[in-house]
Amino acid sequence: MTGLEHLLNSYDVGDELDAIASSDPPAYLRRCFAEGISSPELSFARVQQITVCVMVLDSILNDRDYASLEPELVADWRAHYGKHCAFLKDAAVAALRRAVEIVRKQDADAATELEELEHRLAPV
């Protein structure tokens, strides 16, 4: 399940997963969301990075599978970092909402995909 094909079509998800795996995953995700919230401007590449990080968080917290994520890697993170990642949900939603505001003006399809991802992470 993805539904994010338009948004991530030009982004190397594997490189992002490698970056997360080569650090402390909860700290990496926290930093990504904090930068997404606090940066004066978000480039489209930063929006894509936030998207992948939110997908990872959603996979860990909600046991959800995304075709572009490595299931074994996410399962390992789920087992080892699930409790730590639970505290990142609010920051992830805030970063996503900021990304939607910025992307909506440039790319309506990408904004729709971000809104869907936000709904998956934090259903209303």
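Colleague: How many disulfides does a search of the whole structure find?
Modeller: The search finds 0 disulfides, a disulfide being a pair of cysteine sulfur atoms within 2.5 Å. Bear in mind this is a predicted model, where local features need pLDDT of at least 70, side-chain atom pairs count only at pLDDT 80 or more, and totals for chains, interfaces and linings use all residues. Residues are numbered from 1 along each chain as its sequence is written, and side-chain values use heavy atoms, with hydrogens and water left out.

Colleague: Switching topic, how many salt bridges does the structure hold?
Modeller: There are 6, counting a side-chain nitrogen of Lys or Arg within 4 Å of a carboxyl oxygen of Asp or Glu. One of them joins Arg46 and Glu35, at 2.4 Å from N to O.

Colleague: Which helices do Arg46 and Glu35 lie in?
Modeller: Arg46 lies in α4 (residues 44–62) and Glu35 in α3 (residues 25–38), so the pair ties together parts 11 residues apart in sequence. Helices here are DSSP runs of H or I with at least four residues, numbered from the N terminus.

Colleague: And is Glu118 buried or partly exposed?
Modeller: Buried, at 14% relative accessibility. Glu118 forms a salt bridge with Arg97, with the closest N and O atoms 2.6 Å apart.

Methods. Helices (H or I, at least four residues) and strands (E, at least two) are DSSP runs, numbered from the N terminus. Buried means under 20% relative accessible area, exposed over 50%, partly exposed in between (1.4 Å probe, protein chains only).
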